[in-house]
Amino acid sequence: MDDTAGGRLGRLVARLRARAVPNRWSGYLGVVSGASLGVLLVTGVVLMVFYDPSSALVRYHGSYEPLRGVEVSEAYASTLRISLDLRGGLVLRQAHHWAALVLPASVLLQLASLFFTGGFRRPRQWGWVLLVGVLLLAMVSGWSGYALPDDSLSGTGLRIVQGVALGVPVIGTWVTFVLFDGEFPGRIIENLYLVHLAAPALLVVLVVVRLRMAWRDGPAQLPGPGRSESTVVGLPLWPAATVRAGGMFLITTGLLVLMAGTMTISPVWLYGPASPAAASAGSQPDWYMGFLDGALRLVPPGWEVVWLGRTWTLAVLVPLAAVGVFFTLLISYPFLESRLTRDRQEHHLLDRPRHTPNRTGTGAAGITFYGALWAAASADVIATQFHVSFEGVIWVLRVVTVLGPLAAFVIARGACLALQDDDHELLAHGAESGRVVRDPGGGYSEIHRPVEGRRRLGLTRPETSPHPVLDGPPAPQAADADQEPAVPAAGHRR
């Protein structure tokens with residue numbers, strides 16, 4: 001064996017060439033997430049050099065004339081310097097912000113794709129848990145960064161956070177004093193800056209661990225010609241799949257920079273500095289935190305009880321409990337489904353959503369619940385734009401939040417069953433050909449042609465082995481006939 005660097009590199013390249021990757025559009029969502037994370041990290045490191053995370057008050061003497069002589073925090077003054085005085089600083093800030101908005105969106109789409117196709121089943125259930133963790137850390141990173149400019153909009157958001165924390169019995173006051181380091185606003189900027197540094201670091205760790213698990217478990221794929229639980233059909237990882245992923249990475253990065261240079265976001269100079277005595281009218285959180293704000297808006301006012309000598313503010317506790325239960329179910333769903341269906345097998349073939357009506361209905365219900373909370377965060381915007389009463393919008397969204405998930409489950413499940421019947425009819429009688437013939441008895445009928453090949457495989461649900469798939473010899477892999485030449489036997493297990 002050649003143990004030189006060149007020999008090791010050659011063996012690595014051969015191994016990458018022998019590994020096939022299914023060519024699916026949803027696979028590039030991970031590349032979009034990686035590009036967004038890369039932009040966040042690079043711009044964040046550069047911004048660290050010029051940003052001053054301090055709540056200390058100073059007089060602003062920068063280039064923005066309307067705020068000259070106004071007493072602001074060091075954090076706000078440094079944000080203005082980055083935006084208006086540093087060459088390219090505004091592009092850096094806006095690229096950082098746009099990437100923080102795109103990252104949760106791409107991760108949510110990844111989760112939806114994995115959920116509806118069963119990509120979370122064994123042996124990938126822990127990969128699902130890590131991906132949910134990536135989503136939560138992306139939200140924490142974005143929320144903590146949202147407050148760091150210390151402008152009027154972020155100050156209003158922090159005041160809401162303080163009110164929610166104070167509404168939690170027993171520990172609420174303690175949590176508030178730890179977070180703000182005293183009375184509002186205290187040293188919230190300094191504390192959130194540490195959170196904003198720690199959360200991305202943990203996020204990178206989760207991403208690395210998940211990539212390692214994905215390499216170990218191998219890719220999942222939709223049923224098709226030559227595809228089975230032990231055979232992967234797709235593009236060679238090197239160079240075809242790597243070049244495509246690299247192109248998608250560069251396109252995403254370029255679009256984020258283009259958005260940063262042409263689309264204004266978070267114009268802190270227009271909002272003005274944060275003030276404990278003032279709140280920004282029409283304030284809205286970033287989209288990925290909107291469901292929390294919406295949950296608070298949907299609760300009836302004055303909803304509280306006195307128990308055990310304490311006042312329990314249900315207007316805060318119920319939304320927190322509902323959101324907590326939602327994310328707990330989201331994290332634990334692979335294990336719940338495995339237990340309910342008694343499925344302990346490994347699955348490397350994905351499902352079409354219509355083949356799992358209960359799972360698809362559950363996903364539709366979850367999306368409806370999340371969407372109702374998210375829409376409630378913009379209830380005031382809906383009311384003003386459509387010239388309807390704010391209270392009416394809230395009542396409609398309350399009904400949607402409670403009854404909408406049930407209706408979505410029933411409708412989605414029924415649609416899946418109807419599509420299954422249509423597929424069975426197509427398999428049994430064939431596809432319509434458009435040719436109508438007359439039989440000897442004088443009747444007319446249409447000739448149907450049999451469904452075969454790739455389309456037939458797509459209409460049927462693959463049969464799985466009744467026994468778990470155990471570790472064995474290296475699994476053969478092949479490339480799509482219409483994409484790349486066949487890939488020889490690969491070295492990852494099935």
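Colleague: In which helix does Pro239 lie?
Modeller: This is a predicted model, in which local features need pLDDT of at least 70 and side-chain atom pairs count only at pLDDT 80 or more, while totals for chains, interfaces and linings use all residues. Residues are numbered from 1 along each chain as its sequence is written, and side-chain values use heavy atoms, without hydrogens or water. Helices (H or I, at least four residues) and strands (E, at least two) are DSSP runs numbered from the N terminus. The helix that holds Pro239 is H9.

Colleague: Which residue does a cis peptide bond join to Pro239?
Modeller: Omega of this bond is about 0°.

Colleague: Which residues of H1 meet Leu237, Trp238 and Pro239 in H9?
Modeller: H1 covers residues 5-17, and its axis (a line fitted to C-alpha atoms over the stretch in contact) is 7 Å from that of H9, at an angle of about 70°. H1 and H9 are therefore roughly perpendicular (65 to 115 degrees) to each other. By class, this contact divides into 5 nonpolar, no polar and 1 charged. On the H1 side, the residues with heavy atoms within 4.5 Å are Val13, Leu16 and Arg17.

Colleague: Where does Pro185 lie?
Modeller: Pro185 is joined to Phe184 by a cis peptide bond. Omega of that bond is about 0°. Pro185 lies in the loop between helix H7 (172-180) and H8.

Colleague: What is the phi of Asp150?
Modeller: Asp150 sits in the loop between H5 and helix H6 (152-166). Asp150 is not a glycine, yet its phi is positive, near 60°.

Colleague: H4 and H5 pack at what angle?
Modeller: Their axes are 9 Å apart. H4 is roughly antiparallel to H5 (over 145 degrees) because of the angle. They pack at about 155°.

Colleague: How many residues in the contact of H4 with H5 are polar?
Modeller: The H4 side includes Leu103, Pro104, Val107 and Gln110, while Trp128, Leu131 and Ala138 are among the H5 residues they meet. The contact has 13 nonpolar and no charged residues. Its polar count is 1.

Colleague: Which residues in H2 meet H8?
Modeller: The axes of H2 and H8 come within 12 Å and cross at roughly 145°. The contact has 9 nonpolar, no polar and no charged residues. H8 contributes Tyr193, Leu197, Pro200, Leu203, Val204 and Val207, and H2 contributes Leu37, Leu41 and Met48.

Colleague: What volume does the largest pocket have?
Modeller: On a 1 Å grid, a pocket is an open set of points where a 1.4 Å probe fits, with protein on both sides within 12 Å along at least five of seven lines; lining residues have an atom within 4 Å of a point. Probe spheres set on the points fill the volume, here about 1,500 Å³.

Colleague: Which of the residues that line the largest pocket are the closest to its centre?
Modeller: The lining has 47 residues, divided into 27 nonpolar, 14 polar (Gly among them) and 6 charged (Asp, Glu, Lys and Arg). Closest to the centre are Gly27, Gly30, Arg210, Leu211 and Ala214.

Colleague: From which element does the largest share of the lining of the largest pocket come?
Modeller: Elements that give two or more residues include strand E1 (20-21), helix H2 (29-50) and helix H9 (237-262). The largest share, 8 residues, comes from H8.

Notes
Axes fitted to C-alpha atoms, helices over the stretch in contact; angles between N-to-C directions. Parallel < 35°, antiparallel > 145°, perpendicular 65-115°, else oblique.
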